[in-house]
Every structure is written in structure tokens, then in C-alpha cells.
Amino acid sequence: CGRRCRAVLGHRCLSLAVIHGGVMKALATGFALLGLFVFTNARSEEPNVPFRLLAFGGQTVKWGKAGPGHGARVTYALATDLMHFPKARNCDEIGSVTSLLASSGISIENFERELSAAFAMWEAAANITFVKTDDPTAAGILIGAQLVPKGRAFANVTYRAGEGPMVEIERSLICLNPAVRWKLQFDGNFDVYDLRYTLAHE
């Protein structure tokens, strides 16, 4: 699990990057419905809201303009070729999800449907919009398969340098382990993870 942001869904511990401040009740309500409880570093000022903002080096981070209450428009893309990110703590090498999906018997169309549904969960809970782009090099969120399989899934966040208490996320990487099986819905088998909810929490 990620140390900075944690959630528990059933028996599984998952790392989760909080989008931004100013959407406390809606976001908490959305994840309460899913059984998710979020804990990170910067505590909400609103009472009875069980979440904290993601923080690095004493600064909280968010998508879009720095500061609570500002919405965001974030692009995303699937990796199509091998891509290297030598400074990334996680997901430093990622590639296409084609082989990952084939080994689990999942079509690219179903994967993209589940990915869209994962983003829609966040859009319903917060003032944020996700837009697909065909340019992986320019996408705010890049999704792919790990080149060196480990764990189940990881995320990496880079953010713009700034002096204030809150700074803007520059890019996020999401990488899935191609050596494990994946599924499209819950079926009682906790050894195989559901794509939609894994993508949503990353």
C-alpha cells in the first residue's frame, strides 16, 4: 500500500490520490458508498469528513489550479509503446496493456469502458473532468502495464514546483501488473482484482 494515501476496500489495502480540496462532502460520500475510507496527511477542515489531502514534503497537491475549490480538466491516455520515467518512484517503465488484457481474456473495448466508468466515479463526486487524448506524451494521466511485474497496481505523481502550501499535479502514471489475472466485476474471488475499482483508487 502507498504510505501517503490509504483506503480499505473489503480486505484489500489500496493507495489513492485525492483530487483536490473543496469537494469534501461529495467525495467522502461517494467513497463511503463504496466502503472506502481515505487517510493521508492534510486533514479536512470540515467536521465528520473522513479524508485528508495527498501531501509531499509538507505541500498538498491537487489537479488544476492550486487552492481549494478550483475544478480541473485532466487528460488521460493509454501507453502505446514502451515509455521510461527514470525519476519516477513507481511505474518507471510502462508499456501497452494489450498483452495484460489478452492474458485475462478482456477486450480493449471493455477495458476502456471500465476506465471511463472509473473516471466517472470521480467526476460524480468532485469538480473534475477527465478527457481522453490520443497523445500519451501529453496526457495528464498515463495508464499502462508494468515492464517489471510487482504487486497489483501502482501510481506515481509528479507535481509543479511552488512556494505555497498547495501545488498543482503535473502528471500521474498508473501501471498494472501484467503477470496477474484481472476481471471486470466482483465475483467473490478476492485473489483477482476488479479493473474498474483498481483504476478508480489509483
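Predicted model: local features only at pLDDT ≥ 70, side-chain atom pairs only at ≥ 80, totals over all residues.

Modeller: The largest nonpolar core has 35 residues, and the ones touching the most other members are Phe111, Ile141, Ile143, Leu176 and Trp182. Several elements give two or more residues to this core, among them strand E11 (141-146), strand E13 (166-176) and helix H4 (195-201). Helix H3 gives the most, with 5 residues. Take Leu176: leaving out residues up to four places away in sequence, its contacts include Leu100, Phe111, Ala145, Trp182, Leu195 and Leu199. There's also a second, separate core of 11 residues, with Ala77, Met83, Ile94 and Cys175 among them.

Now for the charges. The structure has 5 salt bridges. In one of them, the side chains of Glu114 and Arg196 meet at 3.0 Å, N to O. That pair links distant parts of the chain, since Glu114 sits in helix H3 and Arg196 in helix H4, 82 residues apart. Glu114 counts as buried, at 1% relative accessibility, while Arg196 is partly exposed at 26%. Arg113 joins Glu114 and Arg196 in a network of salt bridges.

Arg160 is another one to look at. Its side chain meets that of Glu168 at 3.7 Å, N to O, and it also forms a salt bridge with Glu170, where the closest N and O atoms are 3.5 Å apart. Glu170 lies in strand E13 and Arg160 in the loop between E12 and E13, so this pair ties together parts 10 residues apart in sequence. Arg160 is partly exposed, with a relative accessible area of 40%, and Glu170 counts as partly exposed at 41%.

Methods: Residues numbered from 1 in each chain as written. Heavy atoms only, no water. Core = buried A, V, L, I, M, F, W, Y, C linked by side-chain atoms within 4.5 Å. Buried < 20%, exposed > 50% of the residue type's maximum accessible area, 1.4 Å probe, protein only. Helix = DSSP H or I, 4+ residues; strand = E, 2+ residues; numbered from the N terminus. Contact = heavy atoms within 4.5 Å. Salt bridge = Lys/Arg side-chain N within 4 Å of Asp/Glu carboxyl O.
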